[in-house]
Structures are given as structure tokens and as C-alpha cells.
Amino acid sequence: MADLAEIARSVEAACDALQSTAREVRREAEYTLQCLRNAQDTAIARYIIEHSSNEEAQYQAVRALWETAVRTWAAMAEEERHSLDLYLLELLHSRSPPDASSLGLVEREACKAIAVVTKRKWGEVGEGEHAAMVSRLGDLIASHPLVALHAMAAVVAEMGEGAVDDRTPLGVPYEYHLACHCSFMDGGALLYVAERAVEAAGEG
């Protein structure tokens, strides 16, 4: 735990140093943040998300969380892989005021993370879990309509039209992206998300 706290402090310092006018200082800061994204598991990113009060550090940690998850997906425990979207949804619940009129830096990156993790998980689970995944996004509408709208838009951008050619690198073959796209478009998920997005826009 002490080691994680020390790493978190170094990441916070690196985020502050990004504002420096000294090129060498910024270069060292960028190297520290790259090391965060190259971590071998998500423990460091989760610690920063849960304990840091530095918004830039939290943003960098959310980015590192999904990049690390994508890179190490095969080595991750099945429970962690299949609960990662739940973790990100809970993050949005905890950070976003129900009446928010805009999303902060961390929340926007968390929406991106949910979309990427949804796609990486989508090809490994069946239709029942597909329905549960999009339903959980819809459940956000009652309490956090703006967050729900942004999260669903991110998922559609990652899974929907154009997402095969202009896709986030996930370390999987082209056929995986295509299969996810076809399943999402043809299996009813897109229609459900579109209908709930309209509902979220009305709530917001």
C-alpha cells in the first residue's frame, strides 16, 4: 500500500509538472505518465482513481486503466475482466452530480473507458450478457441522464457505424472488431441504446 501511495504522489507531481515551461521537466513528467500506462496490472491506476484528489492524475489513471486492461486482457483474472465495466459505471455514479450540466475530464475519459471495455468484453460473452451490459448503461438515466447520454454515445462510436475502420487498437484481429460491430448493430443493442439515449436527452 505504501508503494502505491508513493507512486500516486509521483504521478500527481508529474501531472503538475506538465504545466512547466522547462522542456526537460515536461519530458520527465511524460515519461512517468507513460510508465503508468505501461503498468502490468490495473492496481496502480485503481489506487490513484480511488485515493487521489488531483483531477489530472485521476484522468491519467482512468486512461491507464483501460489501456492496461486492453494490453493485459488475456492475463487478467476472469472476474476482473468481467467486472471492469461495473467498476467504471460505479466511478461515474460516485463522481457525477445527478444534476450535472457538463462532464469533467475524468468523467469523459471514464465514458471512453466504458466503451473500450464493453467492446473488448463483448466478443467473449453471450447475448444474455450483451443485454445486461447495455441495460446497465440505460439504468444510469434515472440518476445521471447526462452521464448516461455521453456513455451511450461513446459505446455507439466504438461499436457502431464506422467503428470497424476507425477503431481503437485492442490487440485483436480485424475480424473481432467486425464481429462485435455486426452483433451490436443486428442484435438489438443499437436500437436499445438509441431509444434510451433519446430518453436521457429528454431527462437532461
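Trainee: Which ring does the charged end of Arg-46 sit over?
Mentor: Quick heads-up: this is a predicted model, where local features need pLDDT of at least 70, side-chain atom pairs need 80 or more, and totals for chains, interfaces and linings use all residues. Residues are numbered from 1 along each chain as its sequence is written, and side-chain values use heavy atoms, leaving out hydrogens and water. A charge counts as over a ring when NZ of Lys or CZ of Arg is within 6 Å of the ring centre and within 35 degrees of the ring normal. For Arg-46, at 4.3 Å from the centre, that ring belongs to Tyr-87.

Trainee: And what does Arg-120 sit over?
Mentor: Its charged end is placed over a ring too. The distance to the ring centre is 5.4 Å, and the residue is Tyr-176.

Trainee: How do Trp-122 and Phe-184 pair up?
Mentor: Rings of Phe, Tyr and Trp (its six-membered ring) pair with centres within 6.5 Å; planes under 30 degrees apart are stacked, over 60 edge-to-face, the rest tilted. The count comes to one aromatic pair. Trp-122 and Phe-184 have 5.7 Å between centres and 70 degrees between planes, so they're edge-to-face.

Trainee: Which helices does that pair link?
Mentor: Helices here are DSSP runs of H or I, at least four residues, numbered from the N terminus. The two residues are 62 apart, with Trp-122 in H6 (105-122) and Phe-184 in H9 (174-186). So the helices are H6 and H9.

Trainee: Is Asp-99 buried or exposed?
Mentor: Buried means under 20% relative accessible area, exposed over 50%, partly exposed in between (1.4 Å probe, protein chains only). Asp-99 has 67%, so call it exposed.
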